[in-house]
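Hello,

Here is the structure I promised to pass on. Please open it alongside this message and follow along as you read.

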Amino acid sequence: MIELVKSSVVFNEENHTYMLGEKQLQGITGMISRQLFPDKYKDVPDFVLKRAAEKGSLIHAQCQFAESIEAINYIRERVNAGYKAFANEYTVSDNEYFASNIDCVWEKDEKISLGDIKTTASLDREYLSWQLSIYAYLFELQN
């Protein structure tokens, strides 16, 4: 049985910050957005981005407890693929500069898979590839 190492980083959901003691660490998604995709949503009005972020946060929370049709579909897909939920919102960090919560840590045949729940109209595979690659690095560093 695989045992995950618990991070000392504290995530504040309200203001989306990561703290390691008194030190604030940068989140991965914000860093990726600033450094690699700064103009990704430049033509989308702020009120649309805010509404989409609120919906995404709600669905993320619901996926842990099957409280919506999206969450039920998410669980059905995971189970049908043979994965067991190993952890949700699992915090990883390099304990120096970066931290992030991995939405999904799944296990199948004693192997770990990392996933991220997306609620966008179309999946940006390049962005997701960067995000999950960095998560994998931090996950392996921590574990």
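Predicted model: local features only at pLDDT ≥ 70, side-chain atom pairs only at ≥ 80, totals over all residues.

Residues are numbered from 1 along each chain as its sequence is written, and side-chain values use heavy atoms, with hydrogens and water left out.

Let's start with helix H3, residues 69-80 (helices are DSSP runs of H or I, at least four residues, and strands are runs of E, at least two, numbered from the N terminus). Its buried residues are Ala 71, Tyr 74 and Arg 78 (buried means under 20% relative accessible area, exposed over 50%, with a 1.4 Å probe and protein chains only). They cover an arc of only 60 degrees around the axis, so they lie on the same side of H3 (the arc is that of the directions from the helix axis to the C-beta atoms). Ile 69, Glu 77 and Asn 80 are exposed on the other side. After H3 comes Gly 82, with a positive phi near 85 degrees.

Next, strand S5 holds Ser 100. Ser 100 is buried, at 2% relative accessible area. Its side chain makes a polar contact with that of Tyr 135, at 3.1 Å (a polar contact is a pair of N or O atoms within 3.5 Å; within protein, one must be able to donate a hydrogen and the other to accept it, and residues adjacent in sequence count only if both atoms are side-chain atoms).

Happy exploring!

Definitions and conventions: Expected span 1.5 Å × (residues − 1).
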